[in-house]
Protein chains: 2
Amino acid sequence: MSTQSGESSHVLDLDSVNQNVKKMEYAVRGPLVIRAGEIEKELKAGKNDKPFNGVIRANIGDCHATGQKPLTFIRQVIACCTDTTLLDDPKYPKDVKEKVKLLLSYCGGNSVGSYSDSAGIEIIRRHCAEYIAERDGIPSNWQDIVLTNGASEAVKFVLALINSSSTDDKPTGVLIPIPQYPLYTATLAEYAMHPIKYYLDEGNEWKLNIAELKRALDNDRSLCRPKAIVIINPGNPTGSVLNKENIKEIINFAKEEKLIIIADEVYQHNVYKEGAAFHSFKKVMHELGINLELASLMSSSKGFMGECGLRGGYCEFINLKPEIKALFLKMLSARLCCSILGQITMDCVVAPPKPGDPSYDLFTSEKNSTLESLKAKAKLAAETFNSIPGMKSNPVAGAMYAFPQIMLPEKAIKEARDAGVEPDFFYAKNLLETTGICIVPGSGFGQIPGTYHFRTTILPQFEELKKMMDRLKTFHLQFLEKYK
Amino acid sequence: MSTQSGESSHVLDLDSVNQNVKKMEYAVRGPLVIRAGEIEKELKAGKNDKPFNGVIRANIGDCHATGQKPLTFIRQVIACCTDTTLLDDPKYPKDVKEKVKLLLSYCGGNSVGSYSDSAGIEIIRRHCAEYIAERDGIPSNWQDIVLTNGASEAVKFVLALINSSSTDDKPTGVLIPIPQYPLYTATLAEYAMHPIKYYLDEGNEWKLNIAELKRALDNDRSLCRPKAIVIINPGNPTGSVLNKENIKEIINFAKEEKLIIIADEVYQHNVYKEGAAFHSFKKVMHELGINLELASLMSSSKGFMGECGLRGGYCEFINLKPEIKALFLKMLSARLCCSILGQITMDCVVAPPKPGDPSYDLFTSEKNSTLESLKAKAKLAAETFNSIPGMKSNPVAGAMYAFPQIMLPEKAIKEARDAGVEPDFFYAKNLLETTGICIVPGSGFGQIPGTYHFRTTILPQFEELKKMMDRLKTFHLQFLEKYK
């Protein structure tokens with residue numbers, strides 16, 4: 001009634017709302033994923049006009065959702081921190097209880113229900129620093145480390161700190177890889193910052209090509225004020241792992257062009273390819289004797305733990321001027337603090353049981369078993385894609401994804417264009433409706449125009465992934481046949 | 001070495017960094033709190049030149065840090081969700097286990113380590129809607145509800161959605177109360193939005209005065225494009241509880257001025273004053289037959305649970321156009337999801353044990369005991385302040401704070417000005433150094449120029465609060481004596 005009498009005229013419409021939000025796209029959670037959810041509901045409701053009986057969600061790096069088991073140690077620590085009566089329960093190992101008591105002694109009122117410092121609980125920041133120091137063999141200062149709700153929040157904070165789009169004559173420019181994890185373009189769009197898109201070199205295992213970085217930068221220099229470069233290593237969506245030589249070139253380029261380095265290193269535990277290794281930007285920069293401003297991001301959502309829902313993460317931001325570091329910390333304070341249980345998850349990753357501790361053997365075997373399974377699945381995915389006509393894939397050297405190229409028939413491309421959608425979206429939509437497999441089209445991450453890709457995770461359990469690969473192969477051949 | 005050779009020239013300095021971040025202030029975690037931390041460390045290290053032996057942190061609504069006990073039910077649910085082997089433990093009540101099984105059935109792979117939908121786990125959003133419907137006696141649509149990392153994140157999302165400062169000819173204006181919870185000014189500064197400051201009516205128990213709202217709006221109309229009004233009820237820092245008449249006036253004002261209402265209702269369980277009651281803006285709007293865009297914020301950090309560190313919260317955003325609701329949900333997707341254990345905390349608050357459930361009696365007695373204790377402390381605080389010469393306080397009708405006015409001697413004001421600090425900061429700093437009591441000066445929240453206040457929480461345990469009140473009284477009298 002009140003609506004009819006005109007009392008609900010809206011303040012917010014598509015013209016008055018934040019225009020930057022309209023530009024945001026986040027393909028990993030885009031329309032195909034929404035459609036996948038609908039299909040799941042249809043199947044659950046008994047509607048069964050599909051030639052499959054379940055959706056395989058290979059669209060998102062959501063480890064536990066596809067059957068990966070949590071690490072016992074992490075879950076025991078969180079349970080005891082939350083319900084402290086469990087500290088008297090003999091079933092929990094001594095090292096779990098010791099960690100819990102230590103962590104609680106750093107919480108206000110010994111409760112995980114208290115706020116921490118905005119930058120995180122001191123002892124956990126110290127543990128992160130020790131972990132980094134041991135990883136790189138060079139010192140790390142715990143006061144350079146802030147704890148965040150996953151790495152996503154760290155990305156937003158770092159980009160917000162460097163963003164002077166609203167007061168400068170030009171928007172702040174940030175070099176980002178194409179293909180990229182769409183959190184970057186989405187956040188840059190929200191903040192009215194300018195993405196300077198550089199293409200990764202598909203013919204060279206998705207490495208960064210310095211000439212291409214220069215081309216991208218020169219191309220956009222007049223449009224923005226370039227301030228930073230984002231590198232995702234190991235790569236998302238590419239599954240690449242950069243070698244040290246490539247990292248050195250990138251650092252020298254950043255130095256020459258006066259760029260902050262934002263190193264998204266959340267997959268640092270996920271390296272599978274023979275001969276490949278994770279090299280942190282911090283360590284390589286140290287070897288070069290260069291001291292650029294560098295933010296390195298880490299998360300407890302990936303690696304061998306896969307605790308996405310617990311939202312643990314950290315950011316080590318080094319070589320900041322002291323006054324800028326103070327501003328960064330002040331910026332964090334307005335969100336009070338990130339989840340204490342997320343912080344504790346991160347602690348278990350950076351300060352795991354040591355040899356001799358009661359939880360050590362189980363922790364190690366659970367960790368290795370997950371990493372070995374991922375390694376086998378990485379191999380399976382790349383080999384399958386390379387065995388399919390009209391498809392080719394770089395090795396899945398690391399991270400949790402394959403990003404094969406697909407050669408689409410002209411007829412399919414035309415039908416997609418006529419329907420007003422990207423050809424790889426058309427392909428992925430068909431795949432979903434025909435097989436229940438949910439992947440993300442390459443256009444959601446960016447690709448060289450005229451090429452088509454998709455991203456799939458390698459997370460489904462081995463037998464499930466094998467089934468998925470078979471179904472995908474059959475679909476692909478039928479698709480080629482249909483549109484030949 | 002490399003520093004000396006000039007290889008560490010910085011990209012970020014005070015001119016090139018985000019200028020909006022420089023303007024942010026967040027007094028609740030400002031310099032006095034940092035000083036309090038230093039004093040604590042000094043005391044711990046055995047340095048004992050202070051006439052007290054511990055700091056009382058009355059600066060922040062951090063319930064558990066000041067001794068409030070967590071609710072057993074909440075902690076049991078989280079522990080069992082995290083370590084599911086506890087579902088076989090006979091010590092956990094049946095209703096705890098049933099809730100855990102229900103919640104896990106809505107988690108990917110039955111694990112709290114999986115991502116949820118960006119808007120939150122469906123069953124928890126449904127429980128929030130049922131809670132709101134029962135509270136207000138009118139329907140609530142679960143799809144209008146999004147789960148957030150505390151209410152702080154909801155504030156940031158809502159303000160970001162309505163912010164068109166970067167593309168409009170004028171910045172987006174938001175009416176905010178003075179005194180206010182500084183999250184609002186900090187976020188508006190970060191987003192380059194314009195705060196339209198209206199004074200709360202101290203002489204009328206901190207209610208909103210419509211003439212004052214009009215004055216503030218008319219004053220700033222040429223400087224910005226006004227879009228929303230923030231109301232904090234029960235009030236932070238004021239401890240006020242608005243009556244229904246006042247809320248009606250505000251809604252009519254918002255309707256007339258075409259403003260979105262942002263109702264910060266995180267203290268809805270915290271009402272102490274005889275005859276006072278919480279009225280949601282949604283319910284009162286319904287009674288008036290008006291349908292404005294309204295965002296209501298709720299948190300699991302306050303109320304009787306006080307689980308600040310677990311970061312649970314929700315936002316019910318009603319009467320949005322469908323296309324704007326879609327944009328709002330899209331905006332959430334770039335942070336993937338908020339903490340699953342935070343979501344579960346919120347679930348325990350909105351869907352607590354029912355009469356007859358095994359956990360009901362304990363839950364109810366723990367809840368009532370906390371609320372009764374807060375009620376007694378609210379009374380103690382206001383009565384003490386009103387018994388001190390040169391100090392006066394409105395009743396602490398709700399929330400967790402008192403915000404007394406202090407009449408500072410001219411000599412103290414002069415000494416503060418000479419030192420380049422606000423007089424109430426000068427007072428609060430002296431109080432901290434002399435007594436160890438950490439409060440927040442009124443200037444951190446805003447106040448009518450020439451008046452001075454401070455905010456103290458009423459959270460310290462009763463005997464502790466009594467001691468604190470005595471110390472404060474003694475300090476105040478000495479301060480008056482010293483500067484008379």
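For me, exposed is over 50% relative accessible area, buried is under 20%, and partly exposed is in between (1.4 Å probe, protein chains only). Helices (H or I, at least four residues) and strands (E, at least two) are DSSP runs, numbered from the N terminus.

A note on the source: this is a predicted model, where local features need pLDDT of at least 70 and side-chain atom pairs count only at pLDDT 80 or more, while totals for chains, interfaces and linings use all residues. Residues are numbered from 1 along each chain as its sequence is written, chains are lettered from A and ligands numbered from 1 in the order written, and side-chain values use heavy atoms, leaving out hydrogens and water.

Next I looked up which residues of H8 (210-220) in chain A are buried: A:Ile210, A:Glu212, A:Leu213, A:Ala216, A:Leu217 and A:Asp220. They sit on the same side of H8(A) because they cover an arc of only 160° around the axis (taken from the directions from the helix axis to the C-beta atoms). I checked what they pack against in chain A, and got strands S3 (172-178), S4 (194-199) and S5 (225-232), plus helix H9 (244-256). Contact here means heavy atoms within 4.5 Å.

At the N-terminal end of H8(A) I found A:Asn209 as the cap, with a side-chain oxygen 2.9 Å from the backbone nitrogen of A:Ala211.

**The core**

Which residues touch the most other members of the largest nonpolar core? Of its 280 residues, they are A:Tyr314, A:Ile344, B:Tyr314 and B:Ile344. I count as a nonpolar core a set of buried Ala, Val, Leu, Ile, Met, Phe, Trp, Tyr and Cys residues joined through side-chain atoms within 4.5 Å. Leaving aside neighbours within four places in sequence, A:Ile344 contacts A:Val77, A:Ile78, A:Cys81, A:Leu103, A:Val112 and A:Ile124.

**Between the chains**

I then turned to the interface, where 100 residues of chain B are in contact with 100 residues of chain A. The buried area is about 8000 Å², and carbon and sulfur atoms give 56% of it. That is accessible area (1.4 Å probe) that two parts lose on being put together, summed over both. On the chain B side, B:Leu12, B:Arg29 and B:Tyr115 lose the most area to chain A, together 9% of what that side buries.

I noted two salt bridges between the chains, each a side-chain nitrogen of Lys or Arg within 4 Å of a carboxyl oxygen of Asp or Glu. One salt bridge joins B:Glu122 and A:Lys41 (3.6 Å, N to O).

Key:
Polar contact = N/O pair within 3.5 Å; in protein donor to acceptor, adjacent residues only side chain to side chain.
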